[in-house]
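Trainee: I have just opened this entry and would like to be taken through it. Could we look at it together?

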Amino acid sequence: MVSVTSVSAVRSVASQLVCPAMQGHPCNAWYVAAFSREVGRAPFPRRILGQDVVFYRTDDGKAVALEGRCPHRGMPLSKGEVVGDTLRCGYHGFSFEATGACVHIPSQQSIPSKMKVRSYPLIEKWEWIWIWMGDPQRADPAQLPNHQDMGLERSDMTGQIGFMMEIQCNYQLLHENLLDTSHITYLHPGSFDTGNSATATFRVEADEKAIRLTREFPDDHSPLSEAARRYFDGPVNRLLITETFVPGLNVIKNIFYDAKRPERPPQALISPFGITPKDDRSCYHFIVSSMTNETFRQRTDEERKRLWDIFAQDRDALEAIQRGFEDLGPDAAEVRVRADEAGLRCRRAISELIRQEQLQDSSAAVR
Amino acid sequence: MVSVTSVSAVRSVASQLVCPAMQGHPCNAWYVAAFSREVGRAPFPRRILGQDVVFYRTDDGKAVALEGRCPHRGMPLSKGEVVGDTLRCGYHGFSFEATGACVHIPSQQSIPSKMKVRSYPLIEKWEWIWIWMGDPQRADPAQLPNHQDMGLERSDMTGQIGFMMEIQCNYQLLHENLLDTSHITYLHPGSFDTGNSATATFRVEADEKAIRLTREFPDDHSPLSEAARRYFDGPVNRLLITETFVPGLNVIKNIFYDAKRPERPPQALISPFGITPKDDRSCYHFIVSSMTNETFRQRTDEERKRLWDIFAQDRDALEAIQRGFEDLGPDAAEVRVRADEAGLRCRRAISELIRQEQLQDSSAAVR
Amino acid sequence: MVSVTSVSAVRSVASQLVCPAMQGHPCNAWYVAAFSREVGRAPFPRRILGQDVVFYRTDDGKAVALEGRCPHRGMPLSKGEVVGDTLRCGYHGFSFEATGACVHIPSQQSIPSKMKVRSYPLIEKWEWIWIWMGDPQRADPAQLPNHQDMGLERSDMTGQIGFMMEIQCNYQLLHENLLDTSHITYLHPGSFDTGNSATATFRVEADEKAIRLTREFPDDHSPLSEAARRYFDGPVNRLLITETFVPGLNVIKNIFYDAKRPERPPQALISPFGITPKDDRSCYHFIVSSMTNETFRQRTDEERKRLWDIFAQDRDALEAIQRGFEDLGPDAAEVRVRADEAGLRCRRAISELIRQEQLQDSSAAVR
């Protein structure tokens, strides 16, 4: 991690950036495609990175993701039926197996070599299904984000699915929303702070893959700290860390320390957010929380409903911002301030990933 | 009729074809515009081949089709009123007669020579109203499809209107749907076959105007054959013929033969389909059935409702396919198989009609 | 005023005119932005001339109009909150004062010089709020339309707000609707005339800023004249004047004279219409009436509802006409007649204002 302090450096970076409502997306990366429970035996459609994908599970429960359009007549395969381990098109009955190969055409014996669909690498981990939409040869499980760091698959914490919320905005705007926590005071008054999120001092750290902004709240009295204050039986210092792992994950960590005995193990509330472009004008927001077992209990349906309403405030804001940018076009003005530093670093990092991918593609084309 | 058997020939044809979701339309042809009962004294609007048309009947019941937009201020004439034999615009009261000539302007005596609308040739036959949207000089009644062949205006059969269904897809996709009856097994399971439509052998015959695909079902047990089996009191051989008469008509014939005494007169269920582009992204599907009097009785409302639901399966599939093609653009892949032969021949025949029409138009422009 | 009588002159003018569904708009002009009562302490958004504007009132009640988008992250300022005399953005809490200057950024002390929004000159007069969307330096109160002429702020007449109706058409079409009163007979039968609006003789007068069409109805029996006939206790001659003051106002005057004693002071029903482009495909129609105190009383809610239904007939017609023009493109035919003269003069006058503004802008750019 490199600490970044120069504001002028941020400005020079900003000048080269694309409009955040029109950011493209790298393809060679793991994105959250779905929660495990969304995919079953019935074909399940979801559009990801501008492609129609169809998900299903084979007889033994393995999740499969295929290109969503039958290459024969263009019928959405999600309108078909899973028969054994294959997906049968609902128009003329062509069947495809998990590799994407066509294995049956009712009206003839031979199968043309081009009659196949793409099959996308998947990794099912915790309760996420991650997808690799780019070159399958490059699909490297080692590049999957660290689930321990997200507070998932740990014995001392319990992860819990919130919900998925679709937002009619470019995914870059959602990253920038999450990376500037000063919005908490104004967009979500009374929910997560005591009106001090915007004024707390902050620091930004970044490398090529991750951008992190940290704010400290000594003796915190926000609603978030209540459980920890009860647990420590005294004042709590809160650390609020927001970190984007480009291109498809943001993790917000609230770490609570016993202010009087800082050596005691901290308590934590961690929120990993899968952020996946549906296309360049809309995205999916997969919302999860993980909580230390000593302090927090799982959310009730009512609490989850309240959480939905809060995230809907972000959604409504981002959709209005997206419409504004689309109305004004790619050169719409953005006047930047210091609190935008993390968001701008994120934007540059994603743009850089896209640039590298295009270089790779064009050099591959030459070879 | 020329019998077509070479698959490679079909392939070479296919390579030159336009995207079936973006097919244009010939104008110098008869298309079904409406069922007779849809047109009365009140102005009736319908968009046909991308043009707004307004229909009404004169005092003596003659159907009239005029350009749907008042040339004065662009008001839709369908918002006007029929007064005697004329159609009066609802904005400033300009009146037009069946020829399209303006015959009255309330605010002045003289009528500018350009103040007129197009009047389209119509032929009302059986319960269809056919329209000629192209050059009226070329509107040749002899080119009207043969109504006997459709099972209409025959003493041994009774025709019956089903309904008109609007579909948000290019009309070419509907022709291709109807010309590949292998879809019956998968899109309409249990409705018209015993799961064998896709596997039955077939033959294709075509000339410049008509493309026909025939499938044979010896000793057929599909629901369609039930009435004929009762009538013949024994096994039935069924012939399923689907035939497109380019550009605006498809006829599906189910012919039932007494399997034991094939010399007996066959029974028939014939379904003529008027297929008319609304514009290049949507079309009208006029659904009619004609049935031999000995075996079939007219459908009840309930049966017609069931039929609607079946055709809605086609509509939903075609609309999804259309959206997919529009999303992917004119070069979207189509991998073809032998069963597509009739559909591809139809596509080529329609494209050829359009090409010829453009040649005529440009040579007319030179003259 | 110059009297215009030559029809051929109108024709030559017409040939150069733009499509009335695609007319642009001058910016350096006063337009009605809102009725006073629409603007209060809570931020109120309205799109005007294709720009998002947000209105509010300061502590002492002064109306303010600011650019509607926060320059920081593009959030609509209408989603913010008025605090004292400033408008605070609902995303990150940036505050703007009535001049458009940013006066507070929660996360930092210094305010970048570019962090500001446009503030639009307003004049609140009678119950209208007029806005100047163009160069604020040119915002000249002397150019505000004459309110006495509209029948407002006069002791002998009482003005009354009707309502605002949004119409999905270019504002030019609305001017042309109001300037050709021959439509009253056909679009609003039985409402405002005895079927004679279209046939009454008319005269057109025009200068660069105003276009006026006058029709005379001696011994008028239209519903409009009823109150005046009671007041004069005898026959009434009615004068119907429709006048557009380019670009944003039309005034329709019904003047009633005692037919037997024409020297008596006339009675009047004046309807000023604020006509403001929302963008180039939609506009606002601000509907007001002013009535001589001796003859008319204020409209009841029920009468206003009836009036709404009548104006909705215009709206429905204009929206259909707009769709037709958009469908056919900028070269869609319009065949003109004598009654279009005032509308065409209006179109030319607005186009001329736009042309002059473009000349000014380009010469300003050179300097």
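Predicted model: local features only at pLDDT ≥ 70, side-chain atom pairs only at ≥ 80, totals over all residues.

Trainee: What are the ipTM and pTM scores of the model?

Mentor: The ipTM is 0.92 and the pTM is 0.93.

Trainee: And what is the mean pLDDT of chain A?

Mentor: The mean for chain A is 93, and 95% of the residues of that chain reach 70 or more.

Trainee: Where in chain A does pLDDT stay under 50?

Mentor: That applies over residues 1–14 of chain A. For this stretch the model has 19 contacts beyond four places in sequence.

Trainee: Let us turn to helices. At what angle do α2 and α5 of chain A pack?

Mentor: Helix α2 of chain A, residues 171–179, packs against helix α5 of chain A, residues 301–328, at an angle of about 130°, and their axes are 10 Å apart. Because of that angle, α2(A) is oblique to α5(A).

Trainee: Is the crossing of α2(A) and α5(A) left-handed or right-handed?

Mentor: The crossing of these two helices is right-handed.

Trainee: Which residues make that contact?

Mentor: From α2(A) come L173(A), L174(A) and N177(A), while α5(A) contributes D314(A), L318(A), I321(A) and Q322(A). By class, the contact of α2(A) with α5(A) has four nonpolar, two polar and one charged residues.

Trainee: Changing topic, where is I161(C) found?

Mentor: I161(C) belongs to strand β12 of chain C, which covers residues 157–167.

Trainee: Why does I161(C) count as partly exposed?

Mentor: I161(C) has 18 C-beta neighbours inside 10 Å, so I161(C) falls in that class.

Trainee: Which residues does I161(C) touch?

Mentor: Not counting residues up to four places away in sequence, I161(C) touches F35(C), E127(C) and V288(C).

Trainee: How far apart are I161(C) and S271(C)?

Mentor: They are 110 residues apart in sequence, and their C-alpha atoms are 9.9 Å apart in space.

Trainee: Finally, how many residues do chains B and A bring to their contact?

Mentor: Chain B brings 20 residues and chain A brings 19 residues.

Trainee: Which helix gives the most to the side of chain B that touches chain A?

Mentor: That is α5(B), with five residues. On this side of chain B, α3 (183–187) and α5 (301–328) each supply at least two residues. By class, the side of chain B that touches chain A has twelve nonpolar, five polar and three charged residues.

Methods: Residues numbered from 1 in each chain as written. Chains lettered and ligands numbered in written order. Axes fitted to C-alpha atoms, helices over the stretch in contact; angles between N-to-C directions. Helix = DSSP H or I, 4+ residues; strand = E, 2+ residues; numbered from the N terminus. Parallel < 35°, antiparallel > 145°, perpendicular 65-115°, else oblique. Left-handed = near helix turned anticlockwise from the far one by under 90°. Contact = placed C-beta atoms within 7 Å. Nonpolar A, V, L, I, M, F, W, Y, C, P; charged D, E, K, R; others polar. Buried ≥ 20, exposed ≤ 12 C-beta atoms within 10 Å, placed from the backbone. pLDDT = per-residue confidence, 0-100.
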